[in-house]
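Student: Could we go through the strand pairing and the disulfides of this model, one point at a time?

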Amino acid sequence: MPGPSPGLHRALLGLWTALGLGFLSLSAVTQEPFWADLQPRVALVERGGSLWLNCSTNCPRPERGGLETSLRRNGTQRGLRWLARQLVDIREPETQPVCFFRCARRTLQARGLIRTFQRPDRVELVPLPAWQPVGENFTLSCRVPGAGPRGSLTLTLLRGTQELIHRSFAGEPPRARGAVLTATVLARREDHGANFSCRAELDLRPHGLGLFENTSAPRELRTFTLPPEPPRLTAPRLLEVGSEGPVSCVLDGLFPVSEAGVYLALGDQRLSPDVTLEGDALMATTTATASAEQEGPRQLVCNVTLGGESRETRENVTVYSFPEPHLTLSEPNAPEGTIVTVTCAAETQALVTLDGIPAAAPGQPAQLQLNTTESDDRRGFFCDATLEVDGETLSKNRSIELRVLYAPRLDDSDCPRSWTWPEGPERTLRCDARGNPQPSVHCTRPDGGAVLALGLLGPVTRALAGTYRCTATNDQGQAVKDVTLTVEYAPALDSVGCPERITWLEGTEVSLSCVAHGVPPPNVSCVRFGGAEVIEGLMRVAREHAGTYRCEATNARGSAAKNVAVTVEYGPRFEEVSCPSNWTWVEGSGRLFSCEVAGKPQPSVECVGSGGTSEGMLLPLAPPDPGSRAPLIPSDLAPGTYICNATNRHGSMVKMVTVSAESPPQMDESTCPSHQSWLEGVEAAALACSARGRPSPQVSCSREGAPRPQRLRVSREDAGTYRCLATNAHGTAARIITVGVEYRPVVAELAASPPGGVRPGGNFTLTCRAEAWPPAQISWRAPPGALNIGLSSNNSTLSVAGAMGSHGGEYECAATNAHGRHTRRITVRVAGPWLWVAVGGAAGGAALLAAGAGLAFYVQSTACKKGEYNVQEAESSGEAVCLNGAGAGAGRDAGAEGGSEAAGTSEVPAGGEVFAIQLTSA
């Protein structure tokens with residue numbers, strides 16, 4: 001016995017799980033009732049498939065148990081409280097197995113439900129009609145045998161991919177199997193060639209299974225339209241034996257026209273037509289050929305078939321026989337003066353007529369006799385035969401030509417005595433002669449010269465002109481004639497008879513004439529461009545005769561024109577406008593003296609200096625042609641008088657020219673320095689700026705930006721940038737000038753730092769600042785014996801480190817430049833600790849001196865306006881007292897004075913400043 005399937009394993013696992021849960025429940029609830037269970041309770045199995053059923057109970061010790069079902073079993077497995085059984089080949093639509101156990105004298109039962117399903121493996125669409133008329137209904141029927149359950153089945157009728165009808169069979173009994181779907185559909189033109197099919201869907205997804213689909217094999221539908229009208233048949237009513245007649249058969253409104261069949265027949269003879277399709281129309285065309293066996297009445301049939309139906313048309317055709325009449329000459333080629341008989345005859349019962357004269361009766365011939373002349377050559381005779389067939393009169397005819405033999409004749413109409421042809425185009429030269437046989441014609445010059453190629457196409461040339469003798473010959477004789485050929489051609493103007501260029505000399509008598517070649521002889525006239533007067537006869541040459549003339553030659557064959565350029569030459573002549581007597585050369589302008597002289601051919605000009613600095617010197621001249629290379633422009637040109645000589649092949653001429661030289665303004669560093677200095681306080685003067693040039697330039701200078709105010713003496717505000725402009729008749733020159741204002745030195749500041757509170761051994765610094773241009777040199781004078789004094793790099797600062805008593809005294813700062821010297825002094829006092837001793841010894845008289853001391857400190861505080869210390873703070877700290885006085889009237893030793901020195905003298909002005917620094921000890 002084979003081992004359990006995976007489904008059985010899953011069922012057993014579920015069973016043991018349920019038993020375990022049951023045991024747990026029994027431990028928690030001691031009075032739970034017993035039951036039987038069947039898994040799966042509800043199952044859906046594919047028809048013919050298998051299924052494991054698990055039957056179990058919670059009875060601790062069931063007496064017996066089992067599974068009741070009518071289905072086939074394949075294997076069984078048992079336990080104490082469970083039973084597993086495999087059911088195979090399940091085919092019943094629906095069965096209800098029963099699981100039962102005997103427990104405590106009770107029967108426990110559980111019922112299940114097993115249903116089967118069958119896939120839609122067969123989907124059948126009932127065959128469609130072979131051809132379906134458009135506009136009529138046809139039936140679509142779809143069968144799906146055995147598929148189910150039917151309630152889960154859906155059928156869809158399709159046209160291509162388009163759904164026509166969709167039906168669901170939901171609600172049908174579970175045991176129902178198979179389905180049929182029928183629909184009535186109207187046939188359309190567009191349904192031709194369409195595929196119809198049926199799709200079946202079994203949806204078992206609600207039951208945990210999938211969607212099963214299947215589609216029938218497609219059925220192709222062929223629709224057609226065949227109109228009720230018969231085809232239109234066109235054919236000749238009468239058809240002659242051996243001849244062909246056109247036959248056409250047309251039928252409109254066919255669909256599909258390409259599927260239509262055509263049958264054409266004449267009697268028993270089937271025809272092979274050419275079929276043409278256009279839209280919904282069919283046209284069959286062919287030719288019907290009748291044979292002698294078919295003579296008599298026959299039927300022509302046209303049959304059109306489509307979709308198993310046909311439309312037919314018949315027409316009557318009469319086949320007849322009617323040969324052409326016979327027309328003969330007793331002598332086709334008769335010499336002039338011969339008697340000729342003409343006979344016209346026909347077969348059957350036809351009536352013949354010869355040149356309008358009928359025969360005596362049908363079936364009899366008609367005849368005519370004549371004596372031939374030249375006018376009968378190529379005469380035509382006409383024989384006509386008529387026959388009545390089926391009420392219609394038919395006619396046939398025949399013609400013949402008589403040839404009469406005669407000698408050549410050269411008529412003026414066919415071979416004129418005088419020929420006139422234009423030159424150039426190709427012509428066929430003809431001299432035709434009448435005669436039979438056709439004469440041969442030859443035309444040659446009497447002197448044995450050229451031969452005319454008669455009857456051939458060729459170009460006409462002047463060499464063909466002349467008189468020719470033409471001879472026409474045949475076996476009946478010959479004819480002779482003289483002809484003259486004239487070849488006409490258009491005028492021609494060549495360089496010999498009419499040159500392109502003519503040169504005349506002023507003052508001579510000449511005439512303008514051009515000789516042209518042409519036939520007939522041309523008429524030649526010459527007109528000046530822009531004028532209308534024809535130039536004729538002799539004329540005296542003047543310069544205004546120079547120019548271009550248009551000469552035109554004209555005859556009947558055309559015209560020719562030519563431009564003739566007339567040049568009038570004459571000797572040199574000076575004009576004041578083009579070669580002035582006075583000329584000014586401007587230096588640097590790049591211009592040369594222009595001396596253009598009238599004359600043809602162009603005269604050569606040379607100007608040579610005469611006297612003075614220009615003696616023997618050549619004056620450079622500007623070239624008359626702007627494109628020519630100019631001579632080198634001289635950097636300097638000697639003014640003076642020059643003699644200019646102009647020469648050509650017709651003479652020479654002389655003119656005196658006076659040349660002067662001028663130049664535009666020029667300024668440089670030598671005439672107008674770019675940097676200039678003024679001294680403050682001196683009388684105001686103009687900038688030192690001049691310019692070179694001829695004529696002498698005018699120079700004006702103005703300040704850039706703000707204008708310079710008018711003042712009598714130079715001020716520092718006059719410094720800045722100036723623009724000087726020099727002007728004369730030949731241009732301007734500009735130059736930028738930078739002006740600086742210099743002034744004497746002034747010591748603007750002399751200060752001590754710190755201004756007070758320096759103790760013995762302390763440091764102090766003196767700073768001296770001076771205003772001057774050019775910048776001043778700073779120098780110092782210190783008290784005698786002062787040592788260890790340091791100066792800054794520009795001497796503006798004096799510093800002392802570790803002040804001693806020797807450093808006390810007067811210090812002087814002097815500022816010096818090229819314009820003078822100025823000094824200023826400051827006094828530095830270094831004091832010991834005596835001030836505190838004096839104050840302590842006088843403590844007893846403090847009350848007496850309080851008022852005086854307060855007054856003294858007030859004076860010191862008021863006088864120390866320019867010091868760095870606050871006097872009141874100094875009083876409270878007891879560290880320093882700053883004494884400051886102004887003016888010589890102070891009358892105290894603590895004064896400072898200032899002064900200036902110039903030219904070895906020294907003066908001390910009022911208004912000096914005095915600084916006193918008193919060092920105290922704490």
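Strands and disulfides

Student: In E62, which residue is the bridge partner of Ala726?
Tutor: Strands here are DSSP runs of E of at least two residues, and helices are runs of H or I of at least four, numbered from the N terminus. Two strands count as paired if DSSP finds at least two bridges between them. Strand E61 (residues 720–728) and E62 pair in the antiparallel sense over 9 bridges, and a hairpin joins E61 to E62 through 2 residues. In E62, the bridge partner of Ala726 is Ala733.

Student: Before going on, what kind of model is this?
Tutor: Residues are numbered from 1 along each chain as its sequence is written, and side-chain values use heavy atoms, with hydrogens and water left out. Local features need pLDDT of at least 70, side-chain atom pairs count only at pLDDT 80 or more, and totals for chains, interfaces and linings use all residues, since the model is predicted.

Student: In which sense does strand E58 pair with strand E62?
Tutor: Strand E58 covers residues 675–679 and strand E62 covers residues 731–753. Gln676 stands opposite Val739 in E62. The two strands are joined over 5 bridges, and the sense is parallel.

Student: Which residue of E63 is the bridge partner of Ser753?
Tutor: E62 is joined to strand E63 (residues 764–773) by 8 bridges, and the two run antiparallel. In E63, the partner of Ser753 is Thr765.

Student: Which strands stand at the edges of the open sheet of 5 strands?
Tutor: The order in this sheet is E22-E29-E28-E24-E25, with mixed pairing. Two of its strands have a single partner strand each, so one side of each is left without a neighbour in the sheet. These are strand E22 (238–240) and strand E25 (269–271).

Student: What is the average twist from one strand to the next in that sheet?
Tutor: Axes are lines fitted to C-alpha atoms, for helices over the stretch in contact, and angles run from 0 to 180 degrees between N-to-C directions. From one strand to the next, the twist averages 30°.

Student: In E25, which residue is the bridge partner of Leu264?
Tutor: Strand E24 (residues 261–266) is joined to E25 by 3 bridges, and the two run antiparallel. The partner of Leu264 in E25 is Leu271.

Student: How many disulfides are there?
Tutor: A disulfide is taken as a pair of cysteine sulfur atoms within 2.5 Å. One of them joins Cys59 and Cys103, with sulfur atoms 1.9 Å apart. By this rule the count is 14.

Student: How many residues apart in sequence are the parts that Cys59 and Cys103 tie together?
Tutor: The torsion about their S-S bond is about 75°, so this disulfide is right-handed. Cys59 lies in the loop between strand E3 (49–57) and strand E4 (64–68), and Cys103 in strand E8 (residues 98–103), so the separation in sequence is 44 residues.

Student: Is Cys103 buried or exposed?
Tutor: Buried means under 20% relative accessible area, exposed over 50%, and partly exposed in between (1.4 Å probe, protein chains only). The relative accessibility of Cys103 is 4%. Cys103 is therefore buried.

Student: What is the handedness of the link between Cys249 and Cys302?
Tutor: The S to S distance between Cys249 and Cys302 is 1.8 Å. With -80° about the S-S bond, the link is left-handed.
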